[in-house]
Amino acid sequence: HDTVSRVSRANHPPGSSEGTSLASEILRRFRRLHMDHTWTESLYATLQFPDRSQRSSLWLLDSAGLISEQIPLNPSDFCPYSATASATGGVVYANYGRPEDFNWLKSAGVSVIGSVVVMRVGGGVSFAEKVWLAERSGGGGALIYPDPADLPQDPRRLGLNTHTAVSEHVHLGSGDPFTPGFPSFNHTQFPPIQSSGLPLIPVLPISATVAAKLLSQLSGPSCPSSWRGRLPYVRCVVGPEFSTGRRVKLSVHNALTPVLLNNIFSSLTGRVEPDQYIILGAQRDSLGPGAVTSGVGTALLLELARTFSAMVKKGFSPRRSLLFVSWDAGDFGNVGATEWLEGYLSMLHLKAVAYFSLDQAVMGDDVLSAYTSPLLVDLVDAAIRQGGASQTCGSDHLQPG
C-alpha cells in the first residue's frame, strides 16, 4: 500500500524530476535487499511530448470556415507519437474503432474520408490500432474519449470524471519508433530510419464532456443500438455532417525529444543453472499518477524481490537465476523493455526461460484473470487452486495471450 501510494502521488513520465527520483528510490530499495547483483542500464530514446511553445487545439468552424468556438482542452492531454499536423472536416462516430465498426460504416454508405473520427476507449482495440484503422479508412484526424458506459457504475468504486481524458501512445509497434529493430544505445551504427507504425494523422484524447459536445450536434444515419454509450444529450448518429453546417478543426503540436531512460535490474543467482533466467518485470513510468499500471506493478516487483531475498537468506536455493526489472518508458510503447530486448536478443534467446509481467496485475475487480502463454496455464491454475482461491477463479479465467 505504501509503495502504490508513493509511486502514484504525482505524474512521473520518463525524464521528469519525479520519474528520476522514483528510479533512484527503487535502485536504493533493491540495494538494501542485498541481492547478488543490482545495476542500472541507461539509454537515450526519442519520445514525444506536448510542445511547450504551442498548444494543441480543437475548434468549431461555422459554415463559412471561420472559427466560431474554441473547445477547452487540458494542455497536458496528448497521445504520444501522434502526427504533428492539422485536420479540418466533418465528424464521424466510429464506436470503438474496431475493424467491424469501420466495416459497418462502409456498408451504411458513411464515408470517413477527410473527416475527424471520434472513437471510444476500449473494445479490445488499442489507441494505435484505432488510429491506424481510421487512417486506413481515409480519416483526416482522430479523437478518442472514455464513454461513461464503459466505466464502473458501482457506487462503491471510483469512476472517471467526465472532464478527464485518457492518454495512450499511438505508435503501432513497441520500442523507440526511430530505431526500429535495433537498440537505441547502438543507433549511431545505423542510418536514420523511422517505424512504419507511426500515424500520419493528428490524434488527441478528449474527455466525455468534449465528445458529447461534438456528437450531440451530428446528423446522418442512426448508429446500431450496440454503439450507444451514456453521453448526455447524444442521440446516436454517425455523421459526418453537423446539423448546424459546422465543421471541426483539430491541430496537434507535439515535439520529439531525446530522453535518458533508466532500466533498473536486480538479480539472485541460481544455484543449479545460473545462466538460465526467470525474469519478472514492471513498468515504472506513467503519464498520469498511474496507480494501476506503474504503482501496482512496482509494488509487486519490490515485494517479490524482498520475499525471494529473505528466502535465500533462510536457505532457499533457486534453481535458476531470478532477474527483477523496473522498466522505463512503458507508457510510450514499452520502450525501455523493447530496447533492452533488441540489445540482448541472442543472449535472451539462449538464457531466458520465462517472463512474468506485473503490469496491471491488480485492477480492483472481484475476479482474477491471468493472461499467459499456453505453457504456463496449467502452472498458474495449479497455483491458484493450491492457494485456496479455486471457488472464485479457476482455469476458465485463465486466458492464453
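The C-alpha centres of domain 1 and domain 2 lie 32 Å apart; the domain bounds come from an automatic or database domain assignment. Domain 1 comprises 3–49 + 256–365, and domain 2 spans 55–252. The model is predicted: local features need pLDDT of at least 70 and side-chain atom pairs count only at pLDDT 80 or more, while totals for chains, interfaces and linings use all residues. Residues are numbered from 1 along each chain as its sequence is written, and side-chain values use heavy atoms, with hydrogens and water left out.

The contact (heavy atoms within 4.5 Å) takes 22 residues from domain 1 and 20 residues from domain 2. About 1,600 Å² is buried between the two domains, 56% of it on carbon and sulfur atoms; buried area is the accessible area (1.4 Å probe) that two parts lose on being put together, summed over both. In domain 1, Gln48, Glu339 and Glu342 lose the most area to domain 2, together 31% of what that side buries.

On the side of domain 1 that touches domain 2, strand S1 (37–50) and helix H7 (335–343) each supply at least two residues. Helices (H or I, at least four residues) and strands (E, at least two) are DSSP runs, numbered from the N terminus. S1 gives the largest share of that side, seven residues.

Six of the eight residues of helix H5 (residues 208–215) are buried, so H5 is largely enclosed by the rest of the structure. Buried means under 20% relative accessible area, exposed over 50%, and partly exposed in between (1.4 Å probe, protein chains only). The buried residues are Ala208, Val210, Ala211, Ala212, Leu214 and Leu215. Their cover includes strands S2 (57–61), S6 (116–120) and S9 (247–251).
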